[in-house]
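Subject: Handover of a structure and its findings

Dear colleague,

Please find the structure below, together with its sequence. My notes follow it, and I would be grateful if you read them beside the model.

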Amino acid sequence: MTLRVQVWFRELKRMVASVESQPELAFSDDLTPELRQNQKTLPVMHCRDCGATGWGGVRHSTINNKLIPNDLRGFYQAFFSQKPLVSFLFPCDESHEETQLLCRHCLTVNPTSVEFCKGCHKENNADNLIPVLVPEVTQTVTRNGQEQLISNHDCPFCGNSNGLSILGAQAASLTSASIGILYTTPFNQDKKLLTFSDSVQDAAHRAGFYNARTYRSTLRTAIFQLVRESQHPLTLQELCDRFADYWREKIPIPENYIATFLPTDLQWLREWDDFLNGDRSKLDPHTALPDLLELVEKRLVWEIVTQFGHRGAIGPSLERSGVASVSFNPQFLTAATKTLHQKLSNEIEALRTVSEDRVRELIVGLLHHLRHRGGIVQPVTQGNYISSGGETYLLSKLVYMPGVGPSVPAPKFLVNAAAKTKQFERVISGKNRDSWCEDWTMRVFAPHTLLLKEQLIDILHFTLETLVGAKLLESHFCGQGRAWGIPMAAIIINPGGKVLTCDRCYHQITHSRTSSHLPDTCRSLGCQGHYHEDDQRPGLVYYRQMYQQGEVRRIVAAEHTGLLSRTTRERLEHRFIQSDRYCDPNLISATSTLEMGINIGDLSSVFLCSLPPNVANYQQRIGRAGRRDGNALVGVIANAKPHDLFFYSDPAQMLEGGIEASGCYLNAAAILERQLTAFCLDNWVASGLDSEGFSPQLNDILNHLQNQAQNRFPYNWLRFIDSQQGELLREFIDLFADTITPETQAQIEEFMHQGQGEIGGLGWRILNRLEGMKKERHRFNNAIVNLTKKIKAQKGEPTCKTRKSWQKWNKKKRDSGKLSEISTTKISLTF
């Protein structure tokens, strides 16, 4: 039995949600004018870290609390420009202190005390006004020496910097997620794929996107396999130390090991680039190989640490998927808890009766917060990075490191007030707003007492001092102050874990199953919620299965477009078919260049990143899969274009549509005039030519034209046309007797009879086109002479008066080796 599966997706683009108590997602492009009139919609915002979801909108002015409805373009411009009029609104219950009321009819934001909406005067009830949180997102920044008011995109619940993004997924993201599954699943034995795009730019962009996007999925799967197969939980230091040896044993060929774990941003390295573009199967064992292995292993330490550091709480990480959890050295933690409990109960009067469990929760929460901020002392951060206060250019100076800029998360450590840095996080905030550490301390001890600012300072001072003594933290100089980070040896990586979610803000953590102390207080800034077990979220199960069952095979994508030279394309096709090395492409992102006529071997899977122009193109593209045994998987992405959406609404028209044969409208005089010209040329060539009558060089033809050489081309061809005019015209018209009208036939006859003498005739057009090329040649010659004069003036060489003298001078310079390269212009003429 053979099976061909076609899966159609639609881009999640221009997504909006209805403004009501139970919002419904919709595609903005699907909303009719009547729906827009009856139901207000706003774009959807969500936090990639904690999952908080709400609406986004733009106010009319800074003093107007009314949002502009159904204006996606205006919101996108304001959001990406960080305009201060942008607002975010998150549904909540009315018990929250900062609750406001959003009118679902006019989108006015009201205080909770109103009886009627201030905008449309609707009554304050559950059908009209929706309780929402509207966080303050404006801040003042200095740009080019001037202060500006902008809006930030930080999540108000978990504090994730730039965590708020517009809900959606375009074709590249959707296909990359599908591709990741396709290459990691053990059920796919044919790990090759062809993706089609409609433009060269899209094909090139997607090839690079697939390479970069799927690298971390491969790395996470590899990390989990080592963690799972270890006989006991590993420290982060042990994980980094053992990773290279473990996988070099699994992948014994060094070149394949490098191809699997070398990040895409390091593939520009000369040794590796030469290897990729060459046919060698081995790297130089004395130079290139050891150098590349060293760079890869240094980079892997950074990548592994970040997976359990500042990237551990973002996206489909090992932690968030529940396949791994992080704890801290239990002996160190027990000792620190006892010591700190004794200090606090003796030194802080308000905490005299506090329990060890509350102290333990304070310590564990602080350590996990610092870990998720990236505050782990590792080789690249230890030293100058910490002492400089987080200058990211120090990281970028290292060859093996990725680019770290303003929009890329960087490790952040805890610092005291004496450390003059804006990049790290202060333990005690000098502003009116509490720091995370202050807020966390107050919420952990809230059931026992209210704490004053001075008491918070003492508590946190004792806590940091105790954790340093227990080897759970390290203290380093940071300018004139101190910075604290977690040593890698204090962090324990455990297989599996319990996924816990806050019942109020939905912040998610993964707790180690080996610990009997379940966290209670939510670690999000200002949240009063509590954690509960939530192990069945679909997204978690999806990625959990991928990491647990997946195979470690790197996706190597390459573009196949008409911009590549023939040699490059043929080399790419050969490497794709053979796949002798791990670095050879196993995914081709192509345009219509691969629809037909090129053999790329047998494939089982094809993805179309957009719907082709017609049924014939569709059949050609999907026909690339399943040629070996008839089994095939075809993925199709419908873009947010009318053409794609038309077929997405009724796929049968594409799946079952007939293929129309390509044709040409023959009753067109302009087309027939070109055909007649070619017909005359074919007959003249068939009559017999001598070598003197026709030269294949355009330069010779233009010289004949200039010298009026009547026995040379094109004059001898034009004489043939004049002498055989009647017969040529009759034979040509007989070919189209049933398809052209008398009017078109009359135009063709006139075109033939006009000849060379009248404007628009066949002979006149040939001579006129060649005359234009002769003038172009003359212009080029003048340009050569003028440029030569300028070059000689710059170099102090004698000026060449004529082309002949320039050629002599050029030959002399070539012979002497002073002129290494001369580029000339070639002109081709096509009939």
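Which residues does Gly-635 touch, not counting residues up to four places away in sequence? They are Val-7, Val-606, Phe-607 and Leu-608, where contact means heavy atoms within 4.5 Å.

Before the other findings, please note that this is a predicted model, in which local features need pLDDT of at least 70 and side-chain atom pairs count only at pLDDT 80 or more, while totals for chains, interfaces and linings use all residues. Residues are numbered from 1 along each chain as its sequence is written, and side-chain values use heavy atoms, with hydrogens and water left out.

Gly-635 belongs to strand β29 (residues 632–638). Helices (H or I, at least four residues) and strands (E, at least two) are DSSP runs, numbered from the N terminus. With a relative accessible area of 2%, Gly-635 is buried; buried means under 20% relative accessible area, exposed over 50%, and partly exposed in between (1.4 Å probe, protein chains only). Gly-635 and Ile-555 are 80 residues apart in sequence, and their C-alpha atoms are 18 Å apart in space.

Ile-486 is placed in strand β21 (residues 481–487) and is buried, at 0% relative accessibility. Leaving aside neighbours within four places in sequence, its contacts include Phe-328, Leu-367, Ile-376 and Leu-472.

Nonpolar cores

In soluble globular proteins, nonpolar side chains tend to be buried together. A nonpolar core here is a set of buried Ala, Val, Leu, Ile, Met, Phe, Trp, Tyr and Cys residues joined through side-chain atoms within 4.5 Å. The largest one has 100 residues, and Leu-236 and Phe-261 have the most contacts inside it. Helix α8 (residues 288–307) gives the most to this core, with 10 residues. A second, separate core has 30 residues, among them Trp-684, Ile-701, Phe-751 and Leu-767.

A pair of helices

Ile-701 and Leu-767 also take part in the contact between α21 and α25. The axes of helix α21 (residues 698–707) and helix α25 (residues 762–795) come within 10 Å and cross at roughly 105°. The two helices are therefore roughly perpendicular, a term for angles of 65 to 115 degrees. Axes are lines fitted to C-alpha atoms, for helices over the stretch in contact, and angles run from 0 to 180 degrees between N-to-C directions. The residues of this contact divide into seven nonpolar, three polar and three charged.

Cysteines

How many disulfides are there? The count is zero, a disulfide being a pair of cysteine sulfur atoms within 2.5 Å. Cys-103 is buried, at 0% relative accessibility, but its sulfur is 3.4 Å from the closest cysteine sulfur, in Cys-120, and so too far for a bond. For Cys-437, the closest cysteine sulfur is in Cys-478, at 15 Å, again too far for a bond.

Backbone features

Phe-713 and Pro-714 are joined by a cis peptide bond, with omega about 15°. Pro-714 lies in the loop between α21 and α22 (715–723). Asn-70, in the loop between β6 (64–67) and α2 (72–80), has a phi near 50°, a positive value in a residue other than glycine. His-121 is not a glycine either, and its phi is positive at about 65°. Asn-70 is partly exposed, at 28% relative accessible area, whereas His-121 counts as exposed, at 59%.

Yours sincerely

Note on methods: Parallel < 35°, antiparallel > 145°, perpendicular 65-115°, else oblique. Nonpolar A, V, L, I, M, F, W, Y, C, P; charged D, E, K, R; others polar.
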